[in-house]
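Student: I've got a model open on my screen and I'd like to learn how to read it. Could you walk me through it?

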Amino acid sequence: MGNEYIAGAYFTLDGQGQIVTADILDSKLFGLDGIRLNNRSLAEFIDPCDRNLFSAYCAETSRNNARRSCRLRLLNNDHKSLPVKMES
C-alpha cells in the first residue's frame, strides 16, 4: 500500500484553527477551491482520532509564540487518511 504525500501544501490559520488562507495544493487535497476553504475550521478535515491533538496544538500555539509542531492525519476528498506535519 503506497503513501500519499503532498509536499508544500500551506494553510494560514487563526488562533482557533480557522483557515484564513489556503494554497492550490490544499484545494486539490480537499477537492474544494481555496476560497471555499477560507473561514472553515481545519478540524473538519482532520481525522477524528486526531482532533483532540489538533485542539491542544491550537491552544498551545495561541498561548505562546514558541515554534511548535505536531503530526496528525488529514482526510482528503476521498476520505483517505494522509499523515502531515503541522508547524507554527
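Tutor: Let's start with a charged pair: arginine 40 and glutamate 44 join their side chains in a salt bridge, at 2.8 Å from N to O. Keep in mind that this is a predicted model.

Student: What counts as a salt bridge here, and how many does the structure hold?

Tutor: The general idea is a side-chain nitrogen of Lys or Arg within 4 Å of a carboxyl oxygen of Asp or Glu. The structure holds five of them.

Student: Which residue forms a salt bridge with arginine 63?

Tutor: That's glutamate 60, with the closest N and O atoms 2.8 Å apart. Both residues belong to helix H3, which covers residues 51-63, and they are three residues apart, so about one helical turn separates them.

Student: And how exposed are arginine 63 and glutamate 60?

Tutor: Arginine 63 has 60% relative accessibility, so it counts as exposed. Glutamate 60, with a relative accessible area of 23%, is partly exposed.

Student: Which arginine meets glutamate 60 in another salt bridge?

Tutor: Arginine 68 does, and the N to O distance for that pair is 2.8 Å. Arginine 68 is partly exposed, its relative accessible area being 26%.

**Into the core**

Student: Let's move to the nonpolar side. Which residues touch the most other members of the largest nonpolar core?

Tutor: Think of a core as buried nonpolar residues joined through side-chain atoms within 4.5 Å. The largest one here has 16 residues, and those touching the most other members are Leu42, Phe45, Phe54, Leu72, Leu74 and Met86. At least two residues of this core come from each of helix H1 (24-30), H3, strand E3 (69-75) and strand E4 (81-87).

Student: Can we zoom in on one of those? Where is leucine 72, and what does it touch?

Tutor: Leucine 72 is in strand E3. Its relative accessible area is 2%, so leucine 72 is buried. Leaving aside residues up to four places away in sequence, leucine 72 touches Ile46, Asp50, Leu53, Phe54, Leu82, Pro83, Val84 and Met86.

Student: How many residues apart in sequence are leucine 72 and leucine 53?

Tutor: They are 19 residues apart in sequence, while their C-alpha atoms are 7.7 Å apart in space.

**Backbone angles in the loops**

Student: What about the backbone? What is the phi of asparagine 39, and where does that residue lie?

Tutor: Asparagine 39 has a positive phi of about 70 degrees, although it is not a glycine. Look for asparagine 39 in the loop between helix H2 (34-37) and H3. With a relative accessible area of 64%, asparagine 39 is exposed.

Student: And what is the phi of histidine 79?

Tutor: It is positive, about 65 degrees, and histidine 79 is not a glycine either. Histidine 79 lies in the loop between E3 and E4. At 64% relative accessibility, that histidine is exposed.

Definitions and conventions: Residues numbered from 1 in each chain as written. Predicted model: local features only at pLDDT ≥ 70, side-chain atom pairs only at ≥ 80, totals over all residues. Heavy atoms only, no water. Helix = DSSP H or I, 4+ residues; strand = E, 2+ residues; numbered from the N terminus. Buried < 20%, exposed > 50% of the residue type's maximum accessible area, 1.4 Å probe, protein only. Contact = heavy atoms within 4.5 Å.
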